[in-house]
Amino acid sequence: MKLNTLIVIMAIFSLVWGAGFILLPIFFWSLYGLDLDTGGVYMSRQLGVVFFMLGLILWLARGTRDPGALRAITLGLCIGNALGFVVALYGQLTAGISALGWMGVAYYLLLGLGFGYYLVKPQT
């Protein structure tokens, strides 16, 4: 898989989750077995804005060929997904999240490994 393909995959997921957390926060979080109060709806929408921004940035950067920009994007996404994996795994093990939460754990793990691969892959 090409790096730009991985960037597009993450962009699409981020845009969809971002839009969902903004527009349908109660529904999206109920899929994880969580109920939101008014503060939770507000925080979900804030999180949705961040996901949506990330997705938009990645979508707009998907065709870049600049090695410095690609390295920065790849490093940021590798570290971010590794951190996301740790947080998602901890939440899955301690917060009573539904089985759907394991998809988030796998998502972060696979993307973290994918972007990590491109950090160590020899440049051709």
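Predicted model: local features only at pLDDT ≥ 70, side-chain atom pairs only at ≥ 80, totals over all residues.
I worked with residues numbered from 1 along each chain as its sequence is written, and side-chain values use heavy atoms, with hydrogens and water left out. Local features need pLDDT of at least 70 and side-chain atom pairs count only at pLDDT 80 or more, while totals for chains, interfaces and linings use all residues.

Entry on the patch. I looked up the nonpolar surface patch and found Ile12, Val16, Phe52, Leu56, Trp59 and Leu60, with about 550 Å² of accessible area together (Shrake-Rupley method, 1.4 Å probe, for residues only the protein chains shown counting as cover). Patch residues have over 30% relative accessible area and no salt bridge, with nonpolar side chains joined within 5 Å; a salt bridge is a side-chain nitrogen of Lys or Arg within 4 Å of a carboxyl oxygen of Asp or Glu. H3 (38–61) and H1 (3–23) each supply at least two residues, and the largest share, 4 residues, comes from H3; helices here are DSSP runs of H or I, at least four residues. Ile12 lies in H1 and is partly exposed at 43% relative accessible area (buried is under 20%, exposed over 50%, partly exposed in between).

Entry on Leu100. I placed Leu100 in the loop between H4 (67–94) and H5 (101–120), partly exposed at 27%. Leaving aside residues up to four places away in sequence, Leu100 touches Leu31 and Tyr32 (contact: heavy atoms within 4.5 Å), and its C-alpha is 7.1 Å from that of Leu31, 69 residues apart along the chain.

Entry on H5. I noted that the buried residues of H5 include Tyr107, Leu111 and Phe115, and that their cover includes H1, H3 and H4.

Notes. Patch = residues over 30% accessible without salt bridge, like charges linked within 9 Å, V, L, I, M, F, W, Y side chains within 5 Å. Buried < 20%, exposed > 50% of the residue type's maximum accessible area, 1.4 Å probe, protein only.
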